[in-house]
Structures are given as C-alpha cells and as structure tokens.
Amino acid sequence: MTVLVVDNGSPFVKDITLCLDKIGQDYVLKKYYEDFNVSNFEKVILSGRQKYKKEINSVNSKIIKTCFANETPILGICYGAEIIALTFGGSINKTDQVQGLNRIKITLPSILLKETHCNVYESHSYAISHLPENFICIASSASAKHEIFCHSSKRIFDTQFHPEKSGHCGTELIRNFLNL
C-alpha cells in the first residue's frame, strides 16, 4: 500500500514522514503544487499549512472530492481537517493562537483511538465551528469543540491537532488510520 502525503507548507511535514518511517509505511510526499494522480494512492494524508493561499484550498478541495468519489481513506491534519470541513459545507472560525500540549477527551468510540483522553500537540489559529452534514465529532478539548471528527459512512478522518507531534497517542492514531 502506498500513501500520499500532501505537503501544504506545514513546518511539521517532516514529523509526518518520520512517523510513517517509524511505523514502516511506504509513502510518497508531494507538495500541493506538484503533479500527481490521487487515484494512484490507497490512502491520503493532508498536512497542515502555514500561509493562506487560494491555490492550496483549490487543490486540496479537488483531492478531497476525488477521495470521496473513489472511497479513498483520507486523514486531514489541522488545516487538512479545516479544508475537509469547508469542502463539505462546514465552517471554521478564527481563534486565539493555540500552541503546545492540550488534553483532548474522546467522547465517542473510534477505530482511530482506544483511549478516553490523550495529550496532543496543537498549533493553530482557526478551529472547526460547525461540522458538515454526515460528519460526527469523536473528541473535543477546552480549545476546540471538534478535535477529532469523521464522516459517518466514508473513511474520512480529521484532527484539529497534530498527531505527528503527539507522541504515542498520535502515532497510534496514524497507525490505526493506515490499518483501515
């Protein structure tokens, strides 16, 4: 199985690839502006980003729609989660800058995590304020109402936090996504 990691300009992309190396997962890393065919991959991970660019949104929305149509599992991380929510009709809102460790509470059983609480790494100034239709919240925290959410029937998973920087809990989440 080959996984596509879409680099949207996050400073943590290297952490995603290090996590995949640790797990022993083959992947292809592509910057959002490079040519690639999403249909050639069995799973897709969308990274966060640092700077707003309309082009990043456009490319990622196309990737998301292709994954949805092809039933390709997708994991959106931070900005990746935000653009998934926006693509399907959800909304985000500006928040105070959140950076550092944060405790999340898993409120619904999930194939991604077995724990009921995790300490995770956050670095964002936007948060999902309203989930799109057919998406459900799995975890929340004091700083984000929708820390983990997913589609009710498709294999689309999202984290507001950065699992690639969240130690054992984050590695397990990524491993469980890859094992879907």
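Two strands are taken as paired when DSSP finds at least two bridges between them, and the strands themselves (E, at least two residues), like the helices (H or I, at least four), are DSSP runs numbered from the N terminus. The model described here is predicted, so local features need pLDDT of at least 70 and side-chain atom pairs count only at pLDDT 80 or more, while totals for chains, interfaces and linings use all residues. Residues are numbered from 1 along each chain as its sequence is written, and side-chain values use heavy atoms, with hydrogens and water left out.

Strand β4 (residues 74-77) pairs with β9 (residues 156-159) in the parallel sense, over four bridges. Within this pairing, Gly76 stands opposite Asp158 and Ile77 stands opposite Thr159. Strand β8 (residues 148-151) pairs with β9 in the antiparallel sense over three bridges; here Phe149 has Asp158 as its bridge partner. A hairpin of four residues leads from β8 to β9. Both faces of β9 are covered: Ile156 and Asp158 on one side, and Phe157 and Thr159 on the other, are all buried (under 20% relative accessible area, with exposed meaning over 50% and partly exposed in between; 1.4 Å probe, protein chains only).

These strands belong to an open, mixed sheet of nine, in the order β2-β1-β3-β4-β9-β8-β7-β5-β6. At the edges stand β2 (27-31) and β6 (117-130), each with a single partner strand, so one side of each has no neighbour in the sheet. Neighbouring strands are turned by 20° against each other on average, direction ignored (axes are lines fitted to C-alpha atoms, for helices over the stretch in contact, with angles from 0 to 180 degrees between N-to-C directions).

Helix α1 (residues 13-23) lies across β1 (3-7), β2, β3 (43-46) and β4, and runs at about 170° to β2. In the loop between α1 and β2 sits Gln25, which counts as buried because its relative accessibility is 12%. Leaving aside residues up to four places away in sequence, Gln25 touches Met1, Val3, Leu20 and Leu178 (contact: heavy atoms within 4.5 Å).

Turning to the pocket lining, β6 gives the most to the largest pocket, with four residues.
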